[in-house]
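Trainee: I have a structure to go through and would like to ask about how its parts pack together.

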Amino acid sequence: MTQAPAVSQENPLLEGLRKRRTAEPCALTIFGASGDLTQRKLIPALYSLAFRNLLPPNFGVVGVARTPMTDDEFREKMRDAVVAHARDEFRPEVWDELAEGFRYVATDFGQEGGEQHVVECLHALDRDRGTAGNRLDYLAVPPAAIEAIVVAMGKHRTSEGWTRLIVEKPFGHDLESARHLNEVIRTYFDESEIFRIDHYLGKETVQNMLVLRFANGIFEPIWNRQFVDHVQITVAESLGIEGRAEFYEQAGAVRDIVQNHLLQLVALTAMEPPIDFSADSVRNEKVKVLKAMHTPGPKHVVRGQYGPGYIEGEEVPGYREEPGVAPDSLTETYVAAKLFVDNWRWADTPFYIRTGKRLPKRETTIAIQFKRAPHPPFEIDSEDSLRPNVLLVHVQPDEGVSLAVGAKVPGQGMTIRTVHMDFLYGGAFRTGLPEAYERLILDCLLGDATLFTRADEVEEQWAIVDAMVAPWKRDRPNFPNYAAGTWGPATAAELLARDGREWRAH
Ligand code: BG6
């Protein structure tokens with residue numbers, strides 16, 4: 001019997017997974033290069049892009065910070081960061097080629113002319129690496145440091161090539177400071193050149209929210225107040241503040257997560273279908289949701305701060321005992337709120353949101369809870385046996401979507417139980433998901449701002465947060481009010497209990 005020739009088969013599950021887009025030559029300057037974000041996220045993301053040949057051949061990176069370091073020391077440090085944090089195996093040939101384009105400049109932008117060395121280094125990169133005058137400036141620095149860098153780099157813009165600016169969150173501290181920052185940046189850069197980053201928008205599952213809603217015919221007709229009882233969005237973290245006391249004491253959960261990630265998730269869940277996937281179409285629809293959002297009153301916002309407790313059996317300190325935190329700190333590590341989007345689609349439909357540090361586990365979900373079946377024609381043993389349908393988007397971990405439906409338990413009678421129809425990314429595509437920063441850096445290199453926050457959007461987000469925190473100036477909460485390793489303060493449960501609802505169980 002002759003054997004059939006071996007045919008190498010493409011994995012059909014990978015079909016449509018890769019669409020290569022080619023970026024133009026560019027020099028990426030990272031301001032804040034000695035910081036945590038650069039090491040944990042930015043450089044590992046660049047490595048993963050290089051791993052997949054997604055970076056342009058003429059590419060260079062200039063790391064900028066105050067810490068003195070040579071180019072080689074910088075490369076060494078970044079190599080360690082890639083080994084520790086990249087999602088891909090370490091391949092010396094990929095790293096060497098990428099790192100060859102790495103330069104480091106130690107300077108202080110607080111000082112007159114501090115940018116000179118950076119500018120010289122960029123000109124040298126243009127000559128040595130053919131980066132063609134194209135500049136991507138990544139501002140991974142605290143909000144207070146942004147203005148000086150924008151002004152200095154703005155003044156040195158060249159007419160050769162393009163310049164784009166990525167600004168890390170938080171973008172300002174409140175509406176007033178965000179407006180000021182927008183004005184300063186606009187003096188030197190056009191809105192189309194400004195990329196305000198919210199890394200949640202780079203997550204596959206967050207983008208899939210748009211695909212789920214707008215590439216399927218079955219959801220949109222029921223995606224409204226007539227069929228949806230309420231929406232619950234949870235961004236839970238088991239981590240504490242990880243040595244970021246200086247930042248966190250100023251920000252708190254409301255500025256760290258609600259102002260950006262959580263409000264973006266609300267906007268994507270509530271928005272109308274955009275006419276296309278262009279930056280302005282998508283952002284116009286998100287801004288409409290934010291504008292339609294009812295200012296939440298003090299009764300609709302609760303906050304908390306964790307005390308000592310246990311996470312996965314391990315004892316952890318309370319927030320006030322974390323290094324660098326004031327022993328009487330009133331910074332919130334937990335926020336829950338009830339929001340309303342006042343438009344025809346959503347009027348009177350609550351969007352409950354919550355986020356917290358040191359909760360029992362890391363979990364980000366969007367749960368669309370539909371109204372109960374109006375009249376089940378069979379007997380039900382208990383309210384619990386016929387629960388309402390829930391469409392649950394697992395943003396992370398266990399990325400996927402599941403739909404809770406009632407099903408008949410096999411056997412005599414008509415017993416009903418809730419079962420889940422699941423789609424899991426891991427199972428359906430058999431491929432690892434890219435890190436959010438990979439997608440976002442590449443989009444920026446390609447000049448696509450769809451997944452970045454526009455000036456008016458960031459300002460609307462701040463207007464909502466300013467209204468949430470205004471009453472906080474007047475009262476002194478009784479902190480800590482939840483133990484690490486629990487699901488937040490009792491007031492969060494009461495917020496829903498008052499409406500006859502409860503938070504989704506985990
Ligand atoms: C950042 C916050 O924006 O998001 C952190 O500053 C938080 O405090 C982090 O831990 C969570 O991101 P992710 O991708 O792990 O959900």
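Trainee: At roughly what angle do the axes of helix H9 and helix H12 cross?
Mentor: This is a predicted model. Two packed helices are described by the angle between their axes and the distance between the axes. Here H9 covers residues 279-292 and H12 covers residues 455-469. Their axes come within 9 Å, and the crossing angle is roughly 20°.

Trainee: Are H9 and H12 roughly parallel or roughly antiparallel?
Mentor: Angles under 35 degrees count as roughly parallel. The axes of H9 and H12 cross at roughly 20°, so the two helices are roughly parallel.

Trainee: How much area is buried between domain 1 and domain 2?
Mentor: The chain is divided into domain 1 (23-168) and domain 2 (201-497), and their C-alpha centres lie 33 Å apart. In the contact, 21 residues of domain 1 meet 13 residues of domain 2. Carbon and sulfur atoms give 71% of the buried area. The area itself is about 1500 Å².

Trainee: Which three residues supply 32% of the area that domain 1 buries against domain 2?
Mentor: The share is more than that of any other three residues of domain 1. The residues are Leu49, Arg87 and Arg164.

How values were computed. Residues numbered from 1 in each chain as written. Predicted model: local features only at pLDDT ≥ 70, side-chain atom pairs only at ≥ 80, totals over all residues. Heavy atoms only, no water. Axes fitted to C-alpha atoms, helices over the stretch in contact; angles between N-to-C directions. Helix = DSSP H or I, 4+ residues; strand = E, 2+ residues; numbered from the N terminus. Parallel < 35°, antiparallel > 145°, perpendicular 65-115°, else oblique. Domains from an automatic or database assignment. Contact = heavy atoms within 4.5 Å. Buried area = accessible area lost by both parts, 1.4 Å probe.
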